[in-house]
Amino acid sequence: MHIQDLIEKHGFVKLSGDDTAREIKRVYTCDLLSWVMAKGKSDTAWITVQTHNNILAVASLLDFACIIIPEGIQVPEEVIEKANEQNVILLSTSLEGYEIFKILYEAGVR
Amino acid sequence: MKPYMKDPANAAMKLHYEVAKDDFARAGEASSKIKSVLKQLGIEGGVLRRIAIAAYEAEINLVIHSEGGTVEAFIKPDCIELYIEDKGPGIADIDLAMTQGYSTANPAAREMGFGAGMGLPNMQKVCDDFTIESEPGEGTRIKMVVNY
Ligand SMILES: Nc1ncnc2c1ncn2[C@@H]1O[C@H](COP(=O)(O)OP(=O)(O)OP(=O)(O)O)[C@@H](O)[C@H]1O
Ligand SMILES: [Mg+2]
């Protein structure tokens, strides 16, 4: 599955970043940053309710495909700006984690 | 554990960053810069990843737990060395601090997702060589080596 599929087929909203042709190979969810740091692999779609600057550093240091902010949680404007500067893709959706997992699983991410 | 010793011999490049206490807005910048320099130098992905993890956890600890300090990276022919030094408050019981799950992070930091007590164990895990020394009231020094 590619990032653009989430946007085009499932109504995810892109808040920042450009490379929507990138492939998602894994999905992971956790809100404890050093836990994510220990376990995160490249090309991951990372679901988190954290919406501060530091998620951007984690995502780019670990070469994640994108960050998904679930349940319609608002992302501060300055974080979106920073994400654009660092070219990190932030996606927003009203769905809960389980629904997001289902979409990715059914699209072959497993 | 080897004693902490800074060894600038045959470093092809040295990077130096200041990290301020409580500066959450910029936390992660030093690690990101180190990673992007190493990437430009063509350093292999696995090494890049280990350095990124080690530098990030150390940098965040400076922001959350210390009075501020420095992150340095020496790029050598056979390895990369990271040196983290801070101005205090130091760590009284290093074995306890190294225990997975132990954290003194305050509620505000925990709300941001810090404080799992995994940073120091993560650093040690990704490094080939890990040295930590601390003097309560003085400060903490960490050296980490990742071989290619
Ligand atoms: N530079 C430092 N100066 C003073 N104390 C420190 C420093 N680094 C770590 N510590 C102490 O060691 C403890 C464990 O650090 P560690 O990085 O493993 O976990 P944490 O920072 O609390 O949580 P996490 O890294 O999972 O977000 C800290 O809670 C703190 O008490
Ligand atoms: Mg830590």
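**Helix packing and a ligand between two chains**

Student: Helix 3 of chain A and helix 1 of chain B come out roughly parallel to each other. At what angle do they pack, and how far apart are their axes?

Tutor: This is a predicted model, and in it helix 3 (residues 54-61) of chain A and helix 1 (residues 29-40) of chain B pack at about 20 degrees, with their axes 10 Å apart. Angles under 35 degrees count as roughly parallel, so this pair gets that label.

Student: What's the handedness of that crossing, left or right?

Tutor: Helix 3 of chain A passes helix 1 of chain B in a left-handed crossing. On the chain A side the contact uses A:A57, A:S60 and A:L61, and helix 1 of chain B brings B:S31, B:S32 and B:K35.

Student: How does that contact split by class?

Tutor: Two nonpolar, three polar and one charged residues.

Student: Okay, switching to chain B on its own. How do helix 2 and helix 5 pack?

Tutor: Helix 2 (residues 45-65) of chain B meets helix 5 (residues 119-126) of chain B at about 150 degrees, and their axes are 9 Å apart. Over 145 degrees counts as roughly antiparallel, so that is how these two run. Their crossing is left-handed.

Student: Which residues make the contact there?

Tutor: Helix 2 of chain B supplies B:R50, B:I53, B:A54, B:E57, B:A58 and B:N61, while helix 5 of chain B supplies B:G119, B:L120, B:N122, B:M123 and B:V126. By class, the residues divide into six nonpolar, three polar and two charged.

Student: Now the ligand. Where does ligand 1 lie?

Tutor: Between chains A and B. Ligand 1 is surrounded by 20 residues, and the closest are A:S34, B:H65, B:S103, B:T104 and B:G115.

Student: What distances do you get from the ligand's oxygen atoms to A:S34, B:S103 and B:G115?

Tutor: For A:S34, an N or O atom in the side chain is 2.3 Å from an oxygen atom of ligand 1. B:S103 has a polar side-chain atom 2.5 Å from a ligand oxygen.

Notes
Residues numbered from 1 in each chain as written. Chains lettered and ligands numbered in written order. Predicted model: local features only at pLDDT ≥ 70, side-chain atom pairs only at ≥ 80, totals over all residues. Heavy atoms only, no water. Axes fitted to C-alpha atoms, helices over the stretch in contact; angles between N-to-C directions. Helix = DSSP H or I, 4+ residues; strand = E, 2+ residues; numbered from the N terminus. Parallel < 35°, antiparallel > 145°, perpendicular 65-115°, else oblique. Left-handed = near helix turned anticlockwise from the far one by under 90°. Contact = heavy atoms within 4.5 Å. Nonpolar A, V, L, I, M, F, W, Y, C, P; charged D, E, K, R; others polar. Near = heavy atom within 4 Å. Polar contact = N/O pair within 3.5 Å; in protein donor to acceptor, adjacent residues only side chain to side chain.
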